[in-house]
Amino acid sequence: MYSQGLIGADGSTEETQDFLDAFQKRIDAEEKIEPNDAMPEGYRKTLVRQIGQHAHSEIVGMLPEGNWITRAPSLRRKAALLAKVQDEGGHGLYLYSAAETLGVSREQMTEELLSGKAKYSSIFNYPTLSWADIGIIGWLVDGAAIMNQIPLCRCSYGPYARAMIRVCKEESFHQRQGYEIVMYLARGTEAQREMVQDALNRWWWPSLMMFGPHDADSAHSEQSMEWKIKRFSNDALRQKFIDATVPQAEFLGLTLPDPDLKWNAEKGGYDHGDIDWEEFWRVVKGNGVMNRDRIKARKKAWDDGAWVREAALAHADKRAARKQAAE
């Protein structure tokens, strides 16, 4: 057992250097931190921010694809897309539950999302203009998510790591589903090939932005990596994604919209053009094409579901009262 710090007169815990050193020693030893373990407040807040943002992204991410369920081109495609959207909703619930183990309520996290205080992935603030967009989202967006999320299965915080094991298995299926849609279109009619190439042109750069800003411009990366919440830097994951995706695009006969993309034998990876970080920050700050619509849809769903939450709580209270009376 290690020191948990000193208790101050106001009941707060003073994070002594011995406490911080002992905590880091556990991290370095690859021990999992569990909800009842003592932890630095900064560690807890970082996890609440990251897991909350991740959960919000899963829930908001249902919207651009859910928009196409009724318009999918066949019953098979409708059923597969419906299952995928349901999966994303489940991922959000896993992650909200993981965040709640850190002492934050789902209501608080949702209020922060609706007020703009909490963020979600900027990728979901772009519109889905054609059926090809659904395939590209599965291939690129879910592919980028997998690159980000597989290392989270080894996150130092136990509940988050365990939740990510199932999430990654399902995201891997989503990625293959999207790639299959893109392959079908790329091998189809000229109109289908043009449609999927247009979707690729629009989603390529936002997909690269999903990994976040350059490491030097990321406010949280260094500390998150020291605490082993993150395992790889933003730029390293982005490079890995590019190196994996270029051969896939070549196999499909599609052209990635980056004239500066070329193989660099010296580094064993692809060089690429500059990302438009002004666009990235504009979307993050709420000025993307779909920002307002996404928050409006989430607020409507939250408000419309209030009676369900109230009824569930009333039923739980009623059952508890009956049990107490019986005892």
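Reply: Let us start with a term: a residue is called buried if its relative accessible area is under 20%, exposed if that area is over 50%, and partly exposed in between. This is a predicted model, and in it both Trp-277 and Phe-280 are buried.

Me: What makes the pair of Trp-277 and Phe-280 edge-to-face, rather than stacked?

Reply: Rings pair if their centres lie within 6.5 Å, and planes over 60 degrees apart count as edge-to-face. The centres of the Trp-277 and Phe-280 rings are 5.3 Å apart and their planes stand at 85°, so the pair is edge-to-face. Both residues belong to helix 11, where they are three residues apart, about one turn of the helix.

Me: How many aromatic pairs does this rule give, and which residues do ring pairs link into a cluster?

Reply: The count comes to ten aromatic pairs, and ring pairs join Phe-23, Tyr-43 and Trp-227 into a cluster.

Me: Why is Arg-71 said to have its charged end over the ring of Trp-68?

Reply: The rule asks for CZ of Arg to be within 6 Å of the ring centre and within 35 degrees of the ring normal. The charged end of Arg-71 sits over the Trp-68 ring, 3.8 Å from its centre, and the charged end of Arg-309 sits over the ring of Trp-302, 3.6 Å from its centre.

Me: Which residues of helix 10 are buried, and what covers them?

Reply: Among the buried residues of helix 10 are Leu-237, Phe-241, Ile-242, Val-246 and Leu-252. What covers the buried residues includes helix 6, helix 7, helix 8, helix 9, strand 4 and helix 11.

Me: Why are helix 7 and helix 10 called roughly parallel?

Reply: Angles under 35 degrees count as roughly parallel. The axes of helix 7 and helix 10 cross at roughly 30° and come within 10 Å, and the two helices are therefore roughly parallel to each other. Where they meet, Gln-175, Tyr-179, Val-182, Met-183 and Ala-186 come from helix 7, while Gln-248, Phe-251 and Leu-252 come from helix 10.

Me: What makes Lys-228 buried or exposed?

Reply: Lys-228, in the loop between helix 9 and helix 10, has a relative accessible area of 18%, so under the 20% limit it is buried. Its phi is near 60°, a positive value in a residue other than glycine.

Me: Why is Glu-30 called partly exposed?

Reply: Glu-30 has a relative accessible area of 41%, and because this falls between 20% and 50%, Glu-30 is partly exposed. Glu-30 lies in the loop between helix 1 and helix 2, and its phi is also positive, near 65°.

Me: How do you know whether Arg-154 is buried or partly exposed, and which residues does Arg-154 contact?

Reply: Arg-154, in the loop between helix 6 and helix 7, has a relative accessible area of 42%, which makes it partly exposed. Leaving aside neighbours within four places in sequence, Arg-154 is in contact with Lys-32, Lys-228, Arg-231 and Phe-232.

Methods
Residues are numbered from 1 along each chain as its sequence is written. This is a predicted model: local features need pLDDT of at least 70, side-chain atom pairs count only at pLDDT 80 or more; totals for chains, interfaces and linings use all residues. Side-chain values use heavy atoms; hydrogens and water are left out. Buried means under 20% relative accessible area, exposed over 50%, partly exposed in between (1.4 Å probe, protein chains only). Helices (H or I, at least four residues) and strands (E, at least two) are DSSP runs, numbered from the N terminus. Contact means heavy atoms within 4.5 Å. Rings of Phe, Tyr and Trp (its six-membered ring) pair if their centres lie within 6.5 Å; planes under 30 degrees apart count as stacked, over 60 as edge-to-face and the rest as tilted. Axes are lines fitted to C-alpha atoms, for helices over the stretch in contact, and angles run from 0 to 180 degrees between N-to-C directions. Angles under 35 degrees count as roughly parallel, over 145 as roughly antiparallel, 65 to 115 as roughly perpendicular and the rest as oblique.
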